[in-house]
Amino acid sequence: MSKSRVSVVRCSTYDAARVSQSVQALLAPLGGMSAFVSPGQTVLIKPNLIHGTAPERGATTHPQVLQAVIQEVRASGGVPVVGESPGYESLSVAARKSGLLEVMEELDVPGIAFDAWTDVRLDPGHLVPSLPIAAPVADADVVISLPKLKSHGLVVYTGCVKNMFGVICGTQKAQYHLRFQDREVFSRLLAEIYAVARPTLSILDGVIGMDGNGPRNGDPAPLGLMLAGTDGVAVDAVACSIVGIDPLESPPIRIAAQMGLGTASLDQIELAGPPIETLKTSSFRAPRAARPSMRQRAMSGRAGRAMRNLLTTRPAVRPEACRGCRICVKACPAKAIEMRAGKAWMDYNKCVRCYCCQEVCEHGAIELATPLLARLMRR
Ligand code: SF4
Ligand code: SF4
C-alpha cells in the first residue's frame, strides 16, 4: 500500500509575499497546483469561516492564505470561487469580519453562500439515508479545503476532516447536533460527510492556529506551519502529532481512518518537509473534551441527567462578559438558553453539550467548565 504524502513548510508570518512563497513550496512536493487544477475547471475553495472573526484571533482561515491559493489556482488556469455556510450570519458579513471579503473583492472572486443543496444518497449502514451537500461543492470540478488548525471543545482538534462539516447548509448543521448528540456518533457523521465531500486537496493554515478554548474563543497559537495533502486524515494526523495530540483521541480522525478515508498512522505517511521531531511543540493547549458516553445517555430520566451534569464538560456563561446579544439563544439546537436579567442562562437538563453556543459567542462570554468530579476521575 502506498503511503499518504503530507507536505509541511515553516511559515512564521502572514506577510503576503512570504505566504505566497510558502504555498508554492508546500505544493511543490505534491506536484504543484497544476497537478490538481486544469485550465477552465471550476475550483471551489472552502475556507474555515463558520463565523466572522478578525484574522488575528486565529479562528478563521487567514486572508493571505486564501489569496495565495487563489493566485495558484489562477496560475494553473482554474476558475476559483469561494464557498462557505457560516452558521449564524451571512457569508458577506462573516467574510468581511474575517478579512476574506477584501481579498475576494480585490481579486474579483465570487463568494457563494451554501444555501442550495444536492441530496446525496448513501448506502445502507450510514447514519442517514442521504446528506444535503452544498450544491456548489457537489458541482465543482475541484474542491480545495482551507481549514485552520485549532483546538475544539467537542472533538479535541479541528482541521481537514471537521472543516467539511461546513458543506452542510445553514441550520441543518444545528439539527444534526441535536439529532446526533453522542460525541462518537456525531464524529461518525463528520466522517461520513467528509467521505461524500472529500476535497481534492487540503491546505491547513497553522501559521497562527488556536489553542485552549477553541474553536472560537481560544488563544492565538503561533505555530508557524502550513501543511497540505490529498489525504486530509493524514494531514490532520501529522498536525495533531506536532501539537501534542494523539490523532486517535480526536474521534473524527480516528473514525475517518477506520472507515478507510485516509490514514492516521504516522508510519503510513510520507512527510515532505522538516523531520516531524523538529516541528513538535509542547506549548499547544488542547481542550479536554468530556461528552456523555452512550451509556450515560442511555440512562433515562433524573438519574441520567444527574450523571451527565456531574461528569461532562458544560458551557458556562461569564456574566461580566455577556452583552445580552441573544446569538447563543438562537444558535442553541436544544433551546436550553434563555435570557435572565439581560444575561444568557443555561438549563443544563436540556443542554446536549454540543458547544455551539461557545462557538458562536463573539464576546468570549461562554467557557467550557468541567465539574470537579469529572476532573478528579481523570487524574
Ligand atoms: S453569552 Fe455571548 S452570545 Fe450569548 S447573549 Fe451573552 S454575549 Fe451574546
Ligand atoms: S446550551 Fe450550548 S452546549 Fe448546550 S445545547 Fe445549547 S448550544 Fe449546545
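Biologist: Let's begin with Lys280; what does Lys280 form a salt bridge with?
Modeller: Lys280 forms a salt bridge with Glu277, and their closest N and O atoms are 3.3 Å apart; a salt bridge here is a side-chain nitrogen of Lys or Arg within 4 Å of a carboxyl oxygen of Asp or Glu. This is a predicted model, in which local features need pLDDT of at least 70 and side-chain atom pairs count only at pLDDT 80 or more, while totals for chains, interfaces and linings use all residues. Residues are numbered from 1 along each chain as its sequence is written, and side-chain values use heavy atoms, with hydrogens and water left out.
Biologist: Is Glu277 buried or exposed?
Modeller: Glu277 is exposed at 57% relative accessible area, whereas Lys280 is partly exposed at 40%; buried means under 20%, exposed over 50%, and partly exposed in between, with a 1.4 Å probe and protein chains only.
Biologist: How many salt bridges does the structure hold?
Modeller: There are 13 salt bridges in the structure. One of them joins the side chains of Arg318 and Glu320, at 3.5 Å from N to O, with Arg318 partly exposed at 27% relative accessibility and Glu320 exposed at 61%.
Biologist: Switching topic, which residues are linked in a network of salt bridges?
Modeller: Glu89, Lys97, Arg216 and Glu362 are linked in such a network. Within that group, the side chains of Glu89 and Lys97 meet at 2.8 Å, N to O, and Lys97 counts as partly exposed, its relative accessibility being 29%.

Note on methods: Chains lettered and ligands numbered in written order.
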